[in-house]
Amino acid sequence: MGWLWAIIVGFVLGLLAKAIIPGKQHSPLWLTTVFGIIGGIIGNALARAFGIASTPGIDWGRHVLQLVAAVVIVFLGDMAYMALRGNKQRA
């Protein structure tokens, strides 16, 4: 069940990150989901480092850190995807 939740949360985080980043992102949906999963994992690690991993009620701090990490990962990942894709089209 943990993997299913990771995929669902990664999908949602990836889509939210794509909506926040200005301009058009060219990475496919499956890659955006992977970037969202990675962002969620990094956000959880940051929340643990800051001591806000589990709080009573809704963990807003953890969710914000996950979203911020997902935005950064989707942005950087899309740049890397376009750099690799552009090199393949030139060859």
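Which side chains meet in a salt bridge? I started my notebook with that question, and I looked it up in a model that is predicted.

**Entry: the salt bridge**

I found that Arg 62 and Asp 59 are the partners, with their side chains 3.3 Å apart, N to O. I then searched the whole structure, and one salt bridge is what turned up. A reminder to myself: side chains of opposite charge can pair when their charged atoms come close. Next I checked how well covered the two partners are. Asp 59 is buried, because its relative accessible area is 10% and buried means under 20%. Arg 62 has 21% relative accessibility, so I wrote it down as partly exposed.

**Entry: the overall plan**

I stepped back to look at the chain. How many helices and strands does the protein chain have? I noted three helices and zero strands. Read along the sequence, the pattern is α-α-α. Helix α1 covers residues 2-20, α2 covers 29-50, and α3 covers 60-90. I also looked up the extent of the C-alpha trace, which spans about 55 × 25 × 20 Å along its principal axes. Of the 91 residues in the protein chain, 29% are buried.

**Entry: the nonpolar patch**

I turned to the surface and found a nonpolar patch there. Its members are Leu 4, Trp 5, Ile 8, Val 9, Phe 11, Val 12, Leu 15, Leu 16 and Leu 29. Together they have about 770 Å² of accessible area. Which helix gives the most to the nonpolar patch? My note says helix α1, with eight residues. Leu 15 counts as partly exposed because its relative accessibility is 36%.

**Entry: the largest pocket**

Rolling a probe the size of a water molecule over the atoms shows where empty space is left. I looked up the largest pocket and wrote down a volume of about 180 Å³. Which residues line the largest pocket? I listed Trp 3, Trp 5, Ala 6, Val 9, Gly 10, Gly 36, Ile 37, Gly 40, Ile 41, Asn 44 and Gln 66. Helices α1 and α2 each supply at least two residues of this lining. By type, I sorted the lining into six nonpolar, five polar and no charged residues.

**Entry: Trp 3**

Is Trp 3 buried or exposed? I noted it as exposed, because its relative accessibility is 73% and exposed means over 50%. Trp 3 and Ile 37 are 34 residues apart in sequence, and their C-alpha atoms are 10 Å apart in space.

**Entry: what lies around Ala 17**

Thr 33 lies in helix α2, and it is buried because its relative accessible area is 11%. Thr 33 and Ala 17 are 16 residues apart along the chain, with 10 Å between their C-alpha atoms. Leu 67 is in helix α3. With a relative accessible area of 23%, Leu 67 is partly exposed. From Leu 67 to Ala 17 I counted 50 residues in sequence and 6.9 Å in space, C-alpha to C-alpha.

**Entry: a loop residue**

Where is the place of Ala 53? I found Ala 53 in the loop between α2 and α3. It is partly exposed, because its relative accessible area is 25%. Ala 53 and Lys 24 are 29 residues apart along the chain, and 33 Å separates their C-alpha atoms.

Conventions:
Residues are numbered from 1 along each chain as its sequence is written. This is a predicted model: local features need pLDDT of at least 70, side-chain atom pairs count only at pLDDT 80 or more; totals for chains, interfaces and linings use all residues. Side-chain values use heavy atoms; hydrogens and water are left out. Patches are made of residues with over 30% relative accessible area and no salt bridge: like charges are joined within 9 Å, nonpolar side chains (Val, Leu, Ile, Met, Phe, Trp, Tyr) within 5 Å. Accessible areas come from the Shrake-Rupley method with a 1.4 Å probe; for residues, only the protein chains shown count as cover. A salt bridge is a side-chain nitrogen of Lys or Arg within 4 Å of a carboxyl oxygen of Asp or Glu. Helices (H or I, at least four residues) and strands (E, at least two) are DSSP runs, numbered from the N terminus. Buried means under 20% relative accessible area, exposed over 50%, partly exposed in between (1.4 Å probe, protein chains only). On a 1 Å grid over the protein atoms alone, a cavity is a set of points where a 1.4 Å probe fits but cannot get out, and a pocket is an open set with protein on both sides within 12 Å along at least five of seven lines; lining residues have an atom within 4 Å of a point. Grid points are joined across faces, edges and corners, and a volume is the space filled by probe spheres set on the points. Ala, Val, Leu, Ile, Met, Phe, Trp, Tyr, Cys and Pro count as nonpolar, Asp, Glu, Lys and Arg as charged, and the others, Gly among them, as polar.
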